[in-house]
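Load the model in a viewer and keep the selection panel at hand. The stops below give what to select and what is there.

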Amino acid sequence: MPDHALELSFEPSSTAAVVAQWDALKAAGLPSQADHRSMTNAPHLTLVAAVGIEDDVVRVARETIGPLLPARVGLRGLVLFGQGARVTIAHLVEPDRALAAATARIRALVPALRHPVWTPHVTLARRVPRSSLPAALEVLHSTEAASELVCDRLRWWDPTQDLIEDVAVAGRD
């Protein structure tokens, strides 16, 4: 069963900037998030991933993150995750102090975090063979990348209920 998650989604031009990089990787015949066809697949910044997220945590997230939206996050370069034959390529993301503090508060309420230390990132490609890294990095460096992304929604993914719900939206809350 996939993890439950609280994620920040991006406004349309930020989403388009990430999707353009997904598409460039795909067009080059490389692994890309564009290949992932799940209903949950959209550019996002995961705040919390866990076996379960209680309704009270979602409420606190709405109250804590909602007032910060829209939130700008800086992209600080590419990062690789993984130690095996295949790796994940992502943008390393730098949130402002308020968003980082709000995320820490929410994460402290979740006992079964998938990753106890938050490494904010936006995934571009998973399962990239190490032998394909030079080509993937060349494609990414030759495509225009945003210097920041604008988060406009907090969403909750509950795989047990097959539910993706916007729990806070910029300008609505």
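## First stop: helix α4

Select helix α4, residues 133-142, where L133, A136, V139 and L140 are buried. Looking down the axis of α4, the buried residues fall within an arc of 130 degrees, so they line one face of the helix. Now colour the other side of α4: P134, E138, H141 and S142 are exposed there.

## The whole chain

Clear the selection and show everything; this is a predicted model. The chain has four helices and seven strands, and along the sequence they follow the pattern β-α-β-α-β-β-α-β-α-β-β. The C-alpha trace spans about 45 × 30 × 25 Å along its principal axes. How does the radius of gyration of the chain agree with that of a compact globule? For 173 residues such a globule would have a radius near 16 Å, and the chain has 16 Å, which agrees.

Colour by burial next: 47% of the 173 residues are buried. With a surface displayed, the chain exposes about 8900 Å², of which carbon and sulfur atoms supply 52%.

## Helix α2

Select α2, residues 55-65. Its buried residues are V57, V58, V60, A61, T64 and I65. Viewed down the axis of α2, these buried residues fall within an arc of 160 degrees, so they line one face of the helix. On the other side of α2, D55 and D56 are exposed. Which elements do the buried residues of α2 pack against? Show β1, β2 (44-50), α3 (97-107), β6 (148-158) and β7 (163-169) to see them.

Bring in its pairing partners one at a time:

- β1 runs antiparallel to β6, and six bridges join the two. Pick F10 to find its bridge partner in β6, C151.
- β3 also pairs with β6 in the antiparallel sense, over four bridges. Here A71 stands opposite C151 in β6.
- β7 is antiparallel to β6 and joined to it by six bridges. Pick D158, whose bridge partner in β7 is L163.

β6 and β7 form a hairpin with four residues between them. Within that turn, select D162, which has a positive phi of about 50 degrees.

## Last stop: H4

Go to H4, which lies in strand β1, residues 4-10. Is H4 buried or exposed? At 7% relative accessibility, H4 counts as buried.

Note on methods
Residues numbered from 1 in each chain as written. Predicted model: local features only at pLDDT ≥ 70, side-chain atom pairs only at ≥ 80, totals over all residues. Heavy atoms only, no water. Buried < 20%, exposed > 50% of the residue type's maximum accessible area, 1.4 Å probe, protein only. Arc of directions from axis to C-beta. Contact = heavy atoms within 4.5 Å. Rg over C-alpha atoms; globule rule 2.2 N^0.38 Å. Areas by Shrake-Rupley, 256 points an atom, 1.4 Å probe, with all protein chains shown as cover. Pairing = 2+ DSSP bridges.
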